[in-house]
Amino acid sequence: YFFMSFQAIASIYNFSFESIEGHVINLKDYKGKPILIVNTASFCGYTFQYEQLQDLFEKYKKNELIVIGIPSNDFGNQEFKKNEEVKEFCETKFNISFKLTEITEIKNKDGHPFFKWIKTQKGFLSFPKWNFYKYLFNRNGDLVSWFSSITEPNSKTFLKEVENIIKK
């Protein structure tokens with residue numbers, strides 16, 4: 001019973017992350033805004049998607065789109081060891097200006113509770129199996145869709161979903 005009530009009560013706005021600069025990113029600060037959350041890595045075959053994510057952020061920030069990248073070393077050991085290295089890599093190689101969290105554990109018992117909550121929302125398949133899983137939340141904080149690594153941020157399917165969440 002407690003678990004069911006936890007599921008009903010929990011929302012995206014109950015979670016926070018530590019930013020790559022060391023301050024808190026409270027998701028409740030983005031109530032009323034569309035949000036895209038992506039687990040990322042610097043040395044992945046999908047790392048090129050950083051460029052597409054930055055383009056997406058540039059295109060839709062006027063529509064209040066919040067983009068948050070969550071670097072992790074959980075999938076294939078494909079991330080730097082230090083937050084400063086991730087930040088420098090993202091800024092110099094991809095000119096990233098959207099928010100990045102510190103290197104964050106996703107899997108196992110110490111995994112960030114946000115990802116455990118994702119699984120309760122959309123099932124086992126929605127839990128990241130690799131880097132660059134994408135989660136789209138509408139302005140009410142509802143998880144409206146998720147995509148695995150293979151769906152690129154500039155694909156028609158993905159852009160259609162982004163258009164849906166930015167609508168007022």
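# Exercises on a predicted model

Leaving out residues up to four places away in sequence, Gln 54 touches Phe 94, Asn 95, Ile 96, Ser 97 and Phe 98, where contact means heavy atoms within 4.5 Å. The model is predicted, so local features need pLDDT of at least 70 and side-chain atom pairs count only at pLDDT 80 or more, while totals for chains, interfaces and linings use all residues. Residues are numbered from 1 along each chain as its sequence is written, and side-chain values use heavy atoms, with hydrogens and water left out.

## Exercise 1

Task: Describe the setting of Gln 54. In which helix is Gln 54 found, and is Gln 54 buried or exposed?

Solution. 

Step 1. Gln 54 sits in helix α2. Helices (H or I, at least four residues) and strands (E, at least two) are DSSP runs, numbered from the N terminus.

Step 2. The relative accessibility of Gln 54 is 6%, so Gln 54 counts as buried. Buried means under 20% relative accessible area, exposed over 50%, and partly exposed in between (1.4 Å probe, protein chains only).

Step 3. The side chain of Gln 54 makes a polar contact of 2.8 Å with the side chain of Ser 97. A polar contact is a pair of N or O atoms within 3.5 Å; within protein, one must be able to donate a hydrogen and the other to accept it, and residues adjacent in sequence count only if both atoms are side-chain atoms. Ser 97 is also among the residues that Gln 54 touches.

## Exercise 2

Task: Work through the salt bridges. How many salt bridges does the structure hold, and which parts of the chain does the pair Glu 21 and Lys 87 tie together?

Solution. 

Step 1. There are five salt bridges in the structure. The term stands for a side-chain nitrogen of Lys or Arg within 4 Å of a carboxyl oxygen of Asp or Glu.

Step 2. One of them joins the side chains of Glu 21 and Lys 87, at 3.3 Å from N to O. Glu 21 lies in the loop between β1 (16–18) and β2 (24–26), and Lys 87 in helix α3 (residues 83–94), so the pair ties together parts that are 66 residues apart in sequence.

Step 3. Glu 21 is partly exposed at 48% relative accessible area, and Lys 87 is partly exposed at 24%.

Step 4. Glu 58 and Lys 61 form another salt bridge, with their closest N and O atoms 3.3 Å apart. Glu 58 is partly exposed at 41%, and Lys 61 is partly exposed at 43%.

## Exercise 3

Task: Trace the surroundings of Arg 139. Which residue forms a salt bridge with Arg 139, and which backbone oxygen does the side chain of Arg 139 reach at 2.8 Å?

Solution. 

Step 1. Arg 139 forms a salt bridge with Glu 64, the closest N and O atoms being 2.7 Å apart. This pair links distant parts of the chain, 75 residues apart: Arg 139 is in the loop between β6 (134–137) and β7 (143–147), and Glu 64 is in the loop between α2 (49–60) and β4 (66–71).

Step 2. Arg 139 is buried, with a relative accessible area of 13%, whereas Glu 64 is partly exposed at 28%.

Step 3. The side chain of Arg 139 reaches the backbone oxygen of Ile 166 at 2.8 Å.

## Exercise 4

Task: Which residues of α4 are buried, and what is the order of the strands in the open sheet?

Solution. 

Step 1. In helix α4 (residues 113–122), the buried residues are Phe 114, Phe 115, Trp 117 and Ile 118. They cover an arc of only 155° around the axis, which puts them on the same side of α4; the arc is that of the directions from the helix axis to the C-beta atoms.

Step 2. The buried residues of α4 pack against β1, β3 (35–40), β4, β6 and β7.

Step 3. The open sheet has five strands in the order β5-β4-β3-β6-β7, with mixed pairing. Two strands pair if DSSP finds at least two bridges between them.

Step 4. β5 (99–100) and β7 are the edge strands, each pairing on one side only. β3 and β6 run antiparallel and are joined by four bridges; Ile 35 has Phe 137 in β6 as its bridge partner.
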